Amino acid sequence: MAGPLTGIKVVELAGLAPAPFACTVLADLGAEVVRVDRARPGADVISFPNDPLTRSRRWIGVDVKSPEGLDLVLRLVDGADVLVEGFRPGVAERMGLGPDALLERNPRLVYGRITGWGQDGPLAPTAGHDINYIAIAGALDPIGLPGGKPVPPVNLLGDFGGGGLVLAMGVLAALVERQTSGRGQVVDTSMVDGAALLTTHLHGLRNIGMWPNGRGENLLDGGAPFYDTYEAADGRHVAVGAIEARFWAALVGVLGWDPATVPAHTDPANWPGLRARLAETLRTRTRDEWAALAEGTDACLSPVLSPGEALAHPHNVARGTFVEVDGAPQPAPAPKFSRSTPAAPTPPSAARSDTAEVLAGLGLEEAEIARLRAGGVIA
C-alpha cells in the first residue's frame, strides 16, 4: 500500500453507491479496506466484475445474523480505525453493529454512516434516491433549460459529490481530530446536507441579487450566452465559459469577430443578440476545429467530450487523469500528492473471495475457517 492514508484500516459494510464510493476514495489514498458482504449475495447490493466502486480492497462474506458471524465482524472492527455503513437509520443497530456498541468496544473508531435524509428528521425512515435528496436540498431545481423541467445530473450531486465525497471528508476530519482527543466519533452524512453544501455559492449569489431569475436564466446556468454550450457543424458541442472581459476578448478573437461590432457582453439586454450570433458562428466549424483554434488561448472554449472521449484527451493523458485497472479505463485517484503518492488502483477481488485470508489475519486456523464455511457462517 502507498498514499497518505497508509496504515489506516477501514471496515466497509457492503451497500450501494455512496458508501462504496467513499471507501474507494479512502482506498485510493492508501487505506486498507475490507468490504464485508453477506455470506450469500443480496439483490439490493449491485456489483459487477471490475466495478470501480469495489477496487483496491479485500472482500469477505459473513452471515452477520449468526452469532459466530457477528463475532467475526466485531473482532475485525476491534482492530479498525474506521467503519463505513450506508443502511437506513436503525438497521446497523439491529444487526448489532451500531455506533454505541462498536465505540464501546473500540473507543478510537471513526464510525462513518451515510443516508439520504440523515439519521433524524421527519423523512429519515423513508426511502429515496439521489433525485429525491437533491430535490429538497434545492440543488435540482436550478438545473435545466428556461421554461423546461429540472434535469437530473446523473447522481453526481447526491450520491457522489454530496454523499460519498462528503462522507470521506468527514471521516478524514474525524481522524485528524482523533489525534488530539484520542477518541473516535460518529460521522452522520446526509446526501441532502451534502447536496445543499454544494449550493453554497449559489446561495451567496442569490443573497446579493446575482441569481434573480428562474431556471436557465442566470449567470452560471446557461442564461448568459457567454456561459453555455453550443452545437458545432458536426452536431457535437463546445462549452463556452468566457465570463471576464479579458477572456471574452480572447473568445471574440478566436471567433474572428471584429471587436468594434460586439456590444458589451455583461449587459443582459445584449444577451439575445449575442446568443444568436454565437450559435450562428459556432455552427460554421466542427467541434474539434473550434477546440484547435482555441487551444493555447484564454478563450475558455472547450470541446464537450463524452466519458469515452475524455480518456484520450491530451491534457487528461498528460495528467494521468484516467488509468486502466485490469484492462478497464477508470478515473485515477485524486488529488495528487508531492510525497505520499498513492499506488495505482488494484482490480476488485471476486465477490467474497478474501474471507479466508482476512480471517486468518484474525488468528483463525484453517480447520476453524473450514468449519465456519461448511456451516454457512462465511463464504
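Mentor: Start with threonine 199, which touches Gly138 and Ala139, leaving aside residues up to four places away in sequence. Keep in mind that this model is predicted.

Trainee: What makes Gly138 and Ala139 contacts of threonine 199?
Mentor: Contact means heavy atoms within 4.5 Å. Gly138 and Ala139 both touch threonine 199.

Trainee: Why does threonine 199 count as buried?
Mentor: Its relative accessibility is 7%. Buried means under 20%. So threonine 199 counts as buried.

Trainee: Where is threonine 199 placed?
Mentor: In the loop between helix H7 (191-198) and helix H8 (200-207).

Trainee: On to the sheet. What is the order of its 6 strands?
Mentor: The order is E3-E2-E1-E4-E5-E6, in an open sheet with parallel pairing.

Trainee: Why do strand E3 and strand E6 stand at the edges?
Mentor: Each has a single partner strand, so one side of each lacks a neighbour in the sheet. Neighbouring strands are turned by 20° against each other on average, direction ignored.

Trainee: How do you know that E5 and E6 pair?
Mentor: Pairing needs at least two bridges. Strand E5 (residues 110-115) and E6 have 6 bridges, in the parallel sense. So they pair. As one example, glycine 112 has valine 187 in E6 as its bridge partner.

Trainee: Which strands does helix H1 touch as it packs on the sheet?
Mentor: Helix H1 (residues 18-28) touches E1, E2, E4 and E5. Its direction makes about 160° with that of E1.

Notes:
Residues are numbered from 1 along each chain as its sequence is written. This is a predicted model: local features need pLDDT of at least 70, side-chain atom pairs count only at pLDDT 80 or more; totals for chains, interfaces and linings use all residues. Side-chain values use heavy atoms; hydrogens and water are left out. Helices (H or I, at least four residues) and strands (E, at least two) are DSSP runs, numbered from the N terminus. Buried means under 20% relative accessible area, exposed over 50%, partly exposed in between (1.4 Å probe, protein chains only). Axes are lines fitted to C-alpha atoms, for helices over the stretch in contact, and angles run from 0 to 180 degrees between N-to-C directions.
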